[in-house]
Amino acid sequence: MILLWKLLLLLLLLGGSQVASSTRGLEEIEQHLKRINRPPVKTIESPDGDIIDCILIQHQPAFDHPGLRGSTAKASKCPSGTIPQRRTTTKDILRFGGSARKYGRKSHRSAHHRKFNSSFIPPGANGVSMSHEHAIAYVQGGEYYGARASINVWNPAVEGNSEFSLSQVWILSGSIGNSIEAGWQVFPGMYGDQYPRLFIYWTSDSYQATGCYNLLCSGFVQTSTEILIGGAIAPSSSSDGTQYDISILIWKDPQEGNWWLEYGDRIVGYWPAFLFTELASSASVVEWGGEVVNTRPQGKHTSTKMGSGMYADAGFSRASYFRDLRVVNERNSLQLPSNLQTYAAHPNCYNIIPGIDKMWGSFFYYGGPGNSPNCP
């Protein structure tokens with residue numbers, strides 16, 4: 001009786017959407033929540049409404065992985081020995097589609113597909129699904145041991161729970177689709193709001209069965225007691241106003257082979273080397289840029305914005321940017337990317353313009369409004 005009452009209440013809260021067809025579905029969701037939400041040492045409510053649980057480092061989902069059981073992680077503001085974890089709720093899973101198994105995972109059919117071989121084809125080309133649209137800069141063909149960028153933060157409008165707008169760094173390799181990703185995204189279906197949020201993702205099989213967002217499965221090991229993965233980023237930039245950016249650095253530890261994440265000047269944690277196949281050695285492709293999901297509501301191109309929602313030629317304080325693009329070489333040193341290329345799936349909807357100067361190094365402006373007279 002209690003489960004039925006809770007189900008009916010949640011469906012009313014969600015506007016009557018049919019996302020959980022039975023109490024059995026709700027029971028599966030509650031069991032999943034018990035697996036990913038760990039007992040907190042301390043709980044904090046953030047100004048944006050998130051419930052943040054400070055959980056023991058060794059209790060985070062990463063240590064459910066057989067390769068990490070019995071291990072400990074060294075931490076670098078939750079209390080000492082704990083990390084912040086954004087609490088997931090039943091409403092989050094119902095809003096995402098109602099499947100506990102699929103929550104926090106990208107769809108294999110609609111995810112950012114590529115051709116993982118020596119002849120790299122940018123996303124969207126050669127019959128690849130166009131439901132995810134990109135405006136990116138990339139390098140390929142070398143051996144890359146990480147990448148860095150400073151990413152301009154905006155709050156782009158997103159049309160509906162099934163769509164998102166993100167700006168990120170991709171570290172890629174392998175014929176079966178190894179990918180490490182980090183940046184910011186606006187994803188109302190995931191978080192229940194329109195805030196730009198820090199996020200990470202990983203997969204070792206092209207989004208088929210492995211990987212997830214943030215800390216929603218075993219994989220990424222967080223060591224920072226301060227950085228909230230999935231937390232809202234504030235303030236964000238405004239047109240003709242103050243510009244804000246975040247710095248993302250991903251690099252491979254040459255001794256143990258783990259892939260580390262740095263946010264600003266803080267080390268957040270690492271993806272263990274054993275999660276990957278080809279990325280266990282190095283990456284063969286690095287990408288920087290924006291991505292949106294286009295579900296073509298009412299048969300038209302989505303109005304979800306990329307970056308600031310302005311085209312790249314709007315320039316500084318209007319168009320969004322990536323600056324200080326770097327790759328990590330075999331000496332574990334940062335260097336400018338050589339032979340940087342760009343790609344935009346639909347330049348009338350979202351475009352990209354690269355540049356280089358003494359102040360910003362290698363950079364680009366990118367973005368667009370989505371649906372418009374130029375993008376029907």
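How many residues of strand 8 (residues 197-203) are buried? I looked this up first, taking buried as under 20% relative accessible area with a 1.4 Å probe and protein chains only. Seven of its seven are, so I noted strand 8 as mostly covered.

Ground rules for my notes: this is a predicted model, where local features need pLDDT of at least 70, side-chain atom pairs count only at pLDDT 80 or more, and totals for chains, interfaces and linings use all residues. Residues are numbered from 1 along each chain as its sequence is written, and side-chain values use heavy atoms, with hydrogens and water left out.

**Strand 8, both faces.** In a regular strand the side chains alternate between the two faces of the sheet. I checked each side here: Arg197, Phe199, Tyr201 and Thr203 are buried on one, and Leu198, Ile200 and Trp202 are buried on the other. Strands here are DSSP runs of E, at least two residues, and helices are runs of H or I, at least four residues, numbered from the N terminus.

**Its partners.** I count two strands as paired if DSSP finds at least two bridges between them. Strand 7 (residues 178-186) runs antiparallel to strand 8, with seven bridges joining them. Trp184 has Leu198 as its bridge partner in strand 8. Strand 8 also pairs with strand 9 in the antiparallel sense, over two bridges; there, Tyr201 is partnered by Tyr213 of strand 9.

I then traced an open sheet of seven strands, antiparallel in its pairing, in the order 9-8-7-6-14-4-17. Strand 9 (212-213) and strand 17 (341-344) are at the edges with a single partner strand each, so one side of each has no neighbour in the sheet. Further in, eight bridges join strand 6 (residues 165-173) to the antiparallel strand 14 (residues 283-293). Ser165 sits opposite Val292 of strand 14.

Strand 3 (82-86) and helix 4 (188-191) each supply at least two lining residues, and the largest share, three residues, comes from strand 3.

Notes
Buried < 20%, exposed > 50% of the residue type's maximum accessible area, 1.4 Å probe, protein only.
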